Amino acid sequence: MKKLLSILIMLVMTISFMAGCASKLSEDNGTNQEVMVVDKEKKEIRILTEVNGKYFTESTRHGVVFKDGKNGEKSILRSFVDEKKFYEAMMSLGAKPGNNLTAEDMKTGTKTIEGSKVNVFVTWDGFGKEIPFADIIKSSDPRPIDIRFGGNIERANKNNTGCILCLDSCPTGITSNAAYPAGWHDMMKKVTFNANEEVLPKDGTKVTIIFRLAE
(Lines give C-alpha, C1' and ligand atoms only; values in the text may rest on other atoms or scores of the structure.)
Protein backbone atom coordinates (compact mmCIF):
# COMPACT_ATOMS: atom_id res chain seq x y z
CA MET A 1 0.00 0.00 0.00
CA LYS A 2 2.86 2.37 0.88
CA LYS A 3 4.52 1.61 -2.45
CA LEU A 4 1.29 2.38 -4.33
CA LEU A 5 0.88 5.63 -2.40
CA SER A 6 4.45 6.65 -3.24
CA ILE A 7 3.86 6.01 -6.93
CA LEU A 8 0.68 8.11 -6.85
CA ILE A 9 2.50 10.99 -5.13
CA MET A 10 5.31 10.87 -7.70
CA LEU A 11 2.75 10.85 -10.51
CA VAL A 12 0.97 13.91 -9.09
CA MET A 13 4.32 15.74 -8.65
CA THR A 14 5.35 14.94 -12.22
CA ILE A 15 2.03 16.19 -13.64
CA SER A 16 2.26 19.34 -11.53
CA PHE A 17 5.82 19.99 -12.73
CA MET A 18 4.85 19.51 -16.37
CA ALA A 19 1.88 21.83 -15.97
CA GLY A 20 4.20 24.45 -14.47
CA CYS A 21 6.61 24.22 -17.43
CA ALA A 22 3.78 24.55 -19.92
CA SER A 23 2.42 27.68 -18.28
CA LYS A 24 5.91 29.20 -18.11
CA LEU A 25 6.42 28.62 -21.83
CA SER A 26 3.08 30.30 -22.48
CA GLU A 27 4.11 33.32 -20.40
CA ASP A 28 7.45 33.56 -22.16
CA ASN A 29 6.09 33.83 -25.68
CA GLY A 30 2.69 35.42 -25.16
CA THR A 31 0.83 32.49 -26.71
CA ASN A 32 -0.10 28.95 -25.75
CA GLN A 33 2.32 27.57 -28.34
CA GLU A 34 5.36 25.52 -27.30
CA VAL A 35 8.70 27.10 -28.18
CA MET A 36 10.18 23.89 -29.60
CA VAL A 37 8.76 20.55 -30.68
CA VAL A 38 11.07 17.69 -31.68
CA ASP A 39 9.68 14.78 -33.72
CA LYS A 40 12.39 12.12 -34.05
CA GLU A 41 10.23 9.91 -36.24
CA LYS A 42 9.83 12.69 -38.81
CA LYS A 43 13.40 13.96 -38.13
CA GLU A 44 11.83 17.35 -37.62
CA ILE A 45 12.20 20.32 -35.24
CA ARG A 46 9.64 23.13 -34.97
CA ILE A 47 10.61 26.34 -33.19
CA LEU A 48 8.54 29.42 -32.42
CA THR A 49 9.84 32.78 -33.64
CA GLU A 50 8.67 36.35 -34.11
CA VAL A 51 8.95 38.65 -37.16
CA ASN A 52 11.35 41.58 -36.77
CA GLY A 53 9.97 44.15 -39.23
CA LYS A 54 13.22 46.17 -39.20
CA TYR A 55 14.62 43.89 -41.88
CA PHE A 56 11.87 44.50 -44.39
CA THR A 57 13.99 47.52 -45.32
CA GLU A 58 17.48 46.85 -43.86
CA SER A 59 19.89 44.10 -44.89
CA THR A 60 21.10 41.37 -42.50
CA ARG A 61 22.86 38.02 -42.73
CA HIS A 62 20.92 36.71 -39.71
CA GLY A 63 17.86 34.59 -40.51
CA VAL A 64 16.87 33.12 -37.12
CA VAL A 65 18.49 34.12 -33.78
CA PHE A 66 17.56 33.49 -30.13
CA LYS A 67 15.92 36.69 -28.87
CA ASP A 68 18.23 36.91 -25.81
CA GLY A 69 21.45 36.20 -27.75
CA LYS A 70 23.94 38.95 -28.64
CA ASN A 71 22.54 39.05 -32.17
CA GLY A 72 18.91 38.72 -31.09
CA GLU A 73 17.95 42.09 -32.59
CA LYS A 74 19.97 41.57 -35.78
CA SER A 75 17.74 38.85 -37.16
CA ILE A 76 14.72 38.65 -39.45
CA LEU A 77 13.14 36.19 -36.98
CA ARG A 78 13.66 36.23 -33.20
CA SER A 79 13.58 32.69 -31.75
CA PHE A 80 12.05 31.81 -28.38
CA VAL A 81 14.40 28.84 -28.01
CA ASP A 82 18.15 29.27 -27.55
CA GLU A 83 20.72 27.97 -30.01
CA LYS A 84 22.24 25.45 -27.58
CA LYS A 85 18.93 23.63 -27.06
CA PHE A 86 18.34 23.72 -30.81
CA TYR A 87 21.79 22.18 -31.36
CA GLU A 88 21.01 19.38 -28.88
CA ALA A 89 17.73 18.73 -30.69
CA MET A 90 19.53 18.49 -34.05
CA MET A 91 22.01 16.01 -32.58
CA SER A 92 19.13 13.95 -31.15
CA LEU A 93 17.83 13.54 -34.73
CA GLY A 94 21.18 12.08 -35.82
CA ALA A 95 22.34 15.17 -37.77
CA LYS A 96 26.08 15.35 -38.53
CA PRO A 97 27.73 18.73 -37.82
CA GLY A 98 30.12 20.22 -40.39
CA ASN A 99 32.41 22.12 -37.98
CA ASN A 100 34.60 23.04 -40.97
CA LEU A 101 34.80 26.85 -40.81
CA THR A 102 36.82 29.29 -38.69
CA ALA A 103 36.51 33.01 -38.06
CA GLU A 104 39.43 33.54 -40.48
CA ASP A 105 37.33 32.04 -43.28
CA MET A 106 35.00 35.06 -42.97
CA LYS A 107 37.86 37.20 -44.36
CA THR A 108 38.61 35.11 -47.45
CA GLY A 109 35.07 34.61 -48.80
CA THR A 110 35.96 31.28 -50.39
CA LYS A 111 34.70 28.47 -48.12
CA THR A 112 31.18 27.19 -47.54
CA ILE A 113 29.62 25.40 -44.58
CA GLU A 114 29.30 21.61 -44.54
CA GLY A 115 27.20 19.16 -42.47
CA SER A 116 23.86 17.40 -42.83
CA LYS A 117 21.49 19.04 -45.30
CA VAL A 118 18.36 20.52 -43.71
CA ASN A 119 15.15 21.50 -45.49
CA VAL A 120 13.54 24.50 -43.80
CA PHE A 121 9.91 25.64 -44.02
CA VAL A 122 7.77 28.40 -42.50
CA THR A 123 4.15 28.64 -41.37
CA TRP A 124 2.01 30.68 -38.97
CA ASP A 125 -1.46 30.69 -37.45
CA GLY A 126 -4.16 31.21 -40.05
CA PHE A 127 -1.77 30.71 -43.00
CA GLY A 128 -2.91 27.12 -43.57
CA LYS A 129 0.22 25.81 -45.30
CA GLU A 130 3.99 25.50 -45.15
CA ILE A 131 6.24 27.40 -47.54
CA PRO A 132 10.01 27.10 -48.14
CA PHE A 133 12.16 29.36 -45.97
CA ALA A 134 13.64 30.76 -49.19
CA ASP A 135 10.27 32.37 -49.97
CA ILE A 136 10.55 34.78 -47.03
CA ILE A 137 14.03 36.05 -48.04
CA LYS A 138 14.98 38.50 -50.77
CA SER A 139 18.59 38.35 -51.99
CA SER A 140 20.54 40.69 -54.27
CA ASP A 141 22.09 37.52 -55.77
CA PRO A 142 19.27 34.92 -55.75
CA ARG A 143 20.45 31.28 -55.50
CA PRO A 144 18.76 28.02 -54.44
CA ILE A 145 18.99 27.88 -50.64
CA ASP A 146 21.21 25.10 -49.17
CA ILE A 147 20.92 24.99 -45.37
CA ARG A 148 23.52 22.82 -43.60
CA PHE A 149 23.94 21.74 -39.98
CA GLY A 150 27.24 23.50 -39.33
CA GLY A 151 27.20 22.55 -35.63
CA ASN A 152 29.77 25.03 -34.24
CA ILE A 153 28.64 24.39 -30.66
CA GLU A 154 32.00 25.31 -29.07
CA ARG A 155 31.95 28.73 -30.73
CA ALA A 156 28.24 29.12 -29.96
CA ASN A 157 28.92 28.46 -26.25
CA LYS A 158 31.81 30.93 -26.28
CA ASN A 159 30.17 33.77 -28.22
CA ASN A 160 26.50 33.48 -27.11
CA THR A 161 25.32 35.15 -30.29
CA GLY A 162 22.10 33.12 -30.34
CA CYS A 163 22.55 32.33 -34.05
CA ILE A 164 20.36 29.43 -35.26
CA LEU A 165 20.18 30.05 -39.03
CA CYS A 166 22.56 32.36 -40.94
CA LEU A 167 21.89 33.42 -44.52
CA ASP A 168 25.48 32.89 -45.70
CA SER A 169 27.99 30.24 -44.53
CA CYS A 170 28.92 30.80 -40.89
CA PRO A 171 31.52 29.49 -38.39
CA THR A 172 29.21 30.22 -35.41
CA GLY A 173 25.60 29.65 -36.50
CA ILE A 174 24.12 26.23 -35.73
CA THR A 175 22.81 26.08 -39.30
CA SER A 176 23.72 28.29 -42.25
CA ASN A 177 23.35 28.66 -46.00
CA ALA A 178 26.04 26.94 -48.10
CA ALA A 179 24.75 28.73 -51.20
CA TYR A 180 26.97 31.69 -50.21
CA PRO A 181 30.58 31.46 -48.90
CA ALA A 182 31.48 32.71 -45.42
CA GLY A 183 31.94 36.47 -45.22
CA TRP A 184 29.99 37.34 -48.35
CA HIS A 185 27.56 39.64 -46.51
CA ASP A 186 29.57 41.39 -43.80
CA MET A 187 33.16 41.22 -45.09
CA MET A 188 32.98 40.91 -48.89
CA LYS A 189 29.79 42.98 -49.34
CA LYS A 190 28.89 40.72 -52.26
CA VAL A 191 25.28 40.08 -51.30
CA THR A 192 22.43 41.63 -49.32
CA PHE A 193 19.44 39.93 -47.70
CA ASN A 194 16.06 41.32 -46.63
CA ALA A 195 12.83 39.89 -45.25
CA ASN A 196 10.24 39.53 -48.01
CA GLU A 197 7.38 41.78 -46.90
CA GLU A 198 5.22 40.47 -49.73
CA VAL A 199 5.23 37.04 -48.05
CA LEU A 200 5.89 37.39 -44.31
CA PRO A 201 3.15 38.68 -41.97
CA LYS A 202 3.57 41.99 -40.15
CA ASP A 203 6.14 42.91 -37.51
CA GLY A 204 5.70 40.99 -34.24
CA THR A 205 3.70 38.10 -35.71
CA LYS A 206 4.57 34.67 -34.30
CA VAL A 207 5.97 32.36 -37.00
CA THR A 208 6.90 28.66 -36.76
CA ILE A 209 10.11 27.51 -38.45
CA ILE A 210 10.31 23.81 -39.39
CA PHE A 211 13.72 22.13 -39.81
CA ARG A 212 13.67 18.66 -41.45
CA LEU A 213 16.74 16.53 -42.00
CA ALA A 214 17.11 15.80 -45.70
CA GLU A 215 19.55 12.94 -45.33
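1. Arg-78 and Glu-50 form a salt bridge through their side chains, at 2.8 Å from N to O. The two partners come from distant parts of the chain, 28 residues apart: Arg-78 belongs to strand E4 (residues 75–79) and Glu-50 to strand E2 (residues 44–51). Both Arg-78 and Glu-50 are buried. The model discussed here is a predicted one.

2. Arg-78 also meets the side chain of Glu-73 in a salt bridge, with an N to O distance of 2.9 Å. Arg-78 has a relative accessibility of 14% and therefore counts as buried, the cut-off being under 20%. Glu-73 is partly exposed, its relative accessible area being 46%.

3. A further salt bridge joins the side chains of Asp-146 and Lys-117 (2.9 Å, N to O). Asp-146 sits in the loop between strand E7 (137–139) and strand E8 (147–149), and Lys-117 in the loop between helix H3 (105–108) and strand E5 (118–123), so this pair ties together parts that are 29 residues apart in sequence. Asp-146, at 18% relative accessibility, counts as buried, whereas Lys-117, at 24%, counts as partly exposed.

4. A network of salt bridges links Glu-44, Arg-46, Glu-130 and Arg-212. Over the whole structure, the search finds 16 salt bridges.

5. The largest pocket has a volume of about 250 Å³. It is lined by 15 residues, of which Arg-61, Met-106, Cys-170, Pro-171 and Thr-172 are the closest to its centre. By class, the lining of this pocket comprises 6 nonpolar, 5 polar and 4 charged residues.

Terms used. Residues are numbered from 1 along each chain as its sequence is written. This is a predicted model: local features need pLDDT of at least 70, side-chain atom pairs count only at pLDDT 80 or more; totals for chains, interfaces and linings use all residues. Side-chain values use heavy atoms; hydrogens and water are left out. On a 1 Å grid over the protein atoms alone, a cavity is a set of points where a 1.4 Å probe fits but cannot get out, and a pocket is an open set with protein on both sides within 12 Å along at least five of seven lines; lining residues have an atom within 4 Å of a point. Grid points are joined across faces, edges and corners, and a volume is the space filled by probe spheres set on the points. Ala, Val, Leu, Ile, Met, Phe, Trp, Tyr, Cys and Pro count as nonpolar, Asp, Glu, Lys and Arg as charged, and the others, Gly among them, as polar. A salt bridge is a side-chain nitrogen of Lys or Arg within 4 Å of a carboxyl oxygen of Asp or Glu. Helices (H or I, at least four residues) and strands (E, at least two) are DSSP runs, numbered from the N terminus. Buried means under 20% relative accessible area, exposed over 50%, partly exposed in between (1.4 Å probe, protein chains only).
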